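Hi everyone, thanks for coming. Please have the sequence and the 3D view open while I talk.

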Amino acid sequence: MGMRIDAHQHYWSIARGDYGWITPELPLMNRDYLPEMLEAHLKRHGIDRTIVVQAAQTAAETEYLLELSERTESIAGVVGWLDLFDPGHRELYEKFRGHPKFVGFRVMIQEMEDASAVLEDGFVEGLTYYAQLGVPVDLLVLPHQLDVLMELADRVPGLRGVIDHLGKPPIASGRLDPWREQLTRLAAHPNLYCKLSGMVTEADHKQWRTGDFLPYVRHIVEAFGTKRILFGSDWPVCLLAADYDQVVEVLERSLPQGLTEEERADLYGNNAAGFYKLGAK
């Protein structure tokens, strides 16, 4: 049935100093998270490999993760960082691409003061270039930026993209619209996928209930189908609201009844292997 893959997690070493979002006000995050701390969780849930995703907007962090992947068998691929506003992004991509575990990069629209900057000609041209190469691109957005993402997807129709964390719906408030309609429209692009990840931190960190997630998960499965959804833990960020076991349980309890073994194998690994072209190098 293929490998079981956690398609979204992070490692970091605080002393590296480029994680601007990790401050002393987030004591649980303000410490090292390294492979040996995750291995037992992966083993318990029968997960063979992970996709480690950048957490700093620097080339140096991508290089650090690639080095980590060389000595960590469980890392199947690294999603790095490229600045498409920087005219030198192609040279940096060529450098990263030579590494056997580099599988793509992430666009952090979430961190942009004005998300519409991604609609500028230079950015669209850059993304079109990577779309033509078939490079997998992670897309991190907040709900109020989904309209911009829809326009970007229309302008770069061939983009091989995956929306991280369901597009961060407002689970804590229980609101479904306009998120629901926006994700339906994004799902109409056949090359766009969605990660069933990062949900617990969009809920009430202290008082979430398993049922809070069900309408959001069901909508994504319905909109994208079972061939374009990926399981991801978002560990260790998930620890702000839930441990690894709880993250797995939340997803299990929210999935539609009656998924076949094949559909489950797709969600828990095959789709990630296909999207990130694992084993294609």
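Predicted model: local features only at pLDDT ≥ 70, side-chain atom pairs only at ≥ 80, totals over all residues.

Let's begin with the helices. Find α5, which covers residues 146-155, and α6, which covers residues 179-187. How far apart are the axes of α5 and α6, and at what angle do the two helices pack? The axes are 10 Å apart, and the angle is about 15°. An angle under 35 degrees counts as roughly parallel, and α5 and α6 are therefore roughly parallel to each other. The crossing of α5 past α6 is left-handed.

Now for the residues that touch. On the α5 side we have Leu146, Asp147, Leu149, Met150 and Ala153, and they meet Trp179, Gln182, Leu183, Arg185 and Leu186 of α6. Sorted by type, the residues in this contact are seven nonpolar, one polar and two charged.

Next, the aromatic rings. A pair of aromatic rings is described by the distance of the centres and the angle of the planes. Searching the whole structure turns up 16 aromatic pairs. One of them joins Trp12 and Tyr19, with 6.2 Å from centre to centre and 45° between the planes, which makes the pair tilted. Trp12 and Tyr19 are both buried. Now turn to Phe275 and Tyr276: their ring centres are 4.8 Å apart and their planes stand at 80°, so this pair is edge-to-face. Phe275 and Tyr276 are buried as well. There is also a cluster, in which ring pairs link Tyr11, Trp12, Tyr19, Trp21, Tyr33 and Trp235.

Let's look at two single residues. His89 is in helix α3, residues 89-97. Is His89 buried or exposed? With 8% relative accessibility, His89 counts as buried. If we set aside neighbours within four places in sequence, the contacts of His89 are Leu82, Asp83, Leu84, Gly126 and Tyr130.

The other one is Ala272, in helix α9, residues 261-275. Ala272 has a relative accessible area of 1% and is buried.

Finally, the backbone. Most residues other than glycine have a negative phi, and most peptide bonds are trans. With that in mind, which peptide bond ends at Pro178 and is cis? It is the bond from Asp177 to Pro178, with omega near 10°. Pro178 sits in the loop between β6, residues 161-163, and α6. The bond from Trp235 to Pro236 is also cis, with omega near 0°. Pro236 is in the loop between β8 (229-231) and α8 (244-254).

Go back to the loop between β6 and α6, where you'll find His165. The phi of His165 is positive, near 55°, although the residue is not glycine. His165 counts as buried, at 4% relative accessibility. Lys168 belongs to the loop between β6 and α6 too, and its phi is also positive, near 50°. At 14% relative accessibility, Lys168 counts as buried.

Definitions and conventions. Residues numbered from 1 in each chain as written. Heavy atoms only, no water. Axes fitted to C-alpha atoms, helices over the stretch in contact; angles between N-to-C directions. Helix = DSSP H or I, 4+ residues; strand = E, 2+ residues; numbered from the N terminus. Parallel < 35°, antiparallel > 145°, perpendicular 65-115°, else oblique. Left-handed = near helix turned anticlockwise from the far one by under 90°. Contact = heavy atoms within 4.5 Å. Nonpolar A, V, L, I, M, F, W, Y, C, P; charged D, E, K, R; others polar. Phe/Tyr/Trp six-rings, centres within 6.5 Å; stacked < 30°, edge-to-face > 60°. Buried < 20%, exposed > 50% of the residue type's maximum accessible area, 1.4 Å probe, protein only.
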